[in-house]
Amino acid sequence: MSSVTFEAEPAPLSVDLDRAALVIIDMQRDFLEPGGFGAALGNDVSRLQAAVAPCRAVLTAARQRGLLIIHTREGHRPDLSDAPPHKVERGDPANRIGARGPMGRILVRGEPGHDIIPELYPLKDEPVIDKPGKGAFYQTDLELMLRNRGIDTLFVCGVTTEVCVNTTVREANDRGFRCVVLSDCCASYFPQFHEAGLAMIKAQGGIFGSVTGSKPLLTSLAALA
Ligand code: TIU
């Protein structure tokens with residue numbers, strides 16, 4: 001494979017695709033569909049739909065190019081032994097982590113709501129990282145997987161911009177990975193937090209990483225052909 005160059009903020013980037021991975025954060029039914037964790041927290045889950053089609057386009061292009069693709073899911077073991085009590089205790093008892101909802105037990109591994117939405121469903125050979133926290137590196141084998149494959153750059157998509165995407169980007173940045181956040185492939189329940197979440201990443205010369213849209217990346221990938 002080869003390198004792609006594209007516009008990004010704060011500066012254009014050149015990325016070696018052999019050392020890049022696409023990381024799609026928590027595009028789970030629990031966050032995007034009614035009756036899951038996102039809705040239980042009082043959010044309008046329809047706001048996250050905007051990221052689905054751009055994610056799908058990038059996922060398709062990444063598959064065509066043979067990029068390493070990693071999916072993550074936030075959630076807990078059925079006995080909640082990996083869920084901090086303070087995280088579980090938040091919210092209405094009938095509607096909190098582990099409670100039964102229309103998509104099964106909320107934010108519990110193995111339940112329908114915990115799984116990834118059909119539009120972005122992982123292929124068999126695409127690793128899925130099950131994470132107990134907001135960051136994808138915390139208590140997971142993601143870093144080991146990336147280092148074993150010589151990855152140095154992450155294209156980051158998913159939800160929500162200011163929570164799991166930002167936490168993961170900050171974790172990745174401290175571990176020496178370059179993050180390129182695809183703005184339209186991320187979404188938040190709060191438009192102002194989406195904007196602020198992206199602004200915080202690219203400020204100060206790209207203090208946590210770079211931000212670009214899916215289009216510049218897709219155009220540069222298509223030009224490789
Ligand atoms: N609540 C919220 O905005 N997000 C989360 O709880 N998890 C993720 O961002 N995945």
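Predicted model: local features only at pLDDT ≥ 70, side-chain atom pairs only at ≥ 80, totals over all residues.
Local features need pLDDT of at least 70 and side-chain atom pairs count only at pLDDT 80 or more, while totals for chains, interfaces and linings use all residues. Residues are numbered from 1 along each chain as its sequence is written, and side-chain values use heavy atoms, leaving out hydrogens and water.

**View 1. Helix 6 meets helix 7.** Helix 6 (residues 161–174) packs against helix 7 (residues 191–206) at an angle of about 15 degrees, with axes 9 Å apart. Helices here are DSSP runs (H or I, at least four residues), numbered from the N terminus, and axes are lines fitted to C-alpha atoms over the stretch in contact, with angles from 0 to 180 degrees between N-to-C directions. The two helices are therefore roughly parallel (angles under 35 degrees). Contact (heavy atoms within 4.5 Å) involves T161, E162, N166, V169 and R170 of helix 6, and F193, H194, G197, L198, M200 and I201 of helix 7.

**View 2. The largest cavity.** A cavity is a set of points on a 1 Å grid over the protein atoms alone where a 1.4 Å probe fits but cannot get out; lining residues have an atom within 4 Å of a point.

Terms used: Parallel < 35°, antiparallel > 145°, perpendicular 65-115°, else oblique. 1 Å grid on protein atoms, 1.4 Å probe; cavity = no way out; pocket = protein on both sides within 12 Å on 5 of 7 lines; lining within 4 Å. Points joined across faces, edges and corners; volume = space filled by probe spheres on them.
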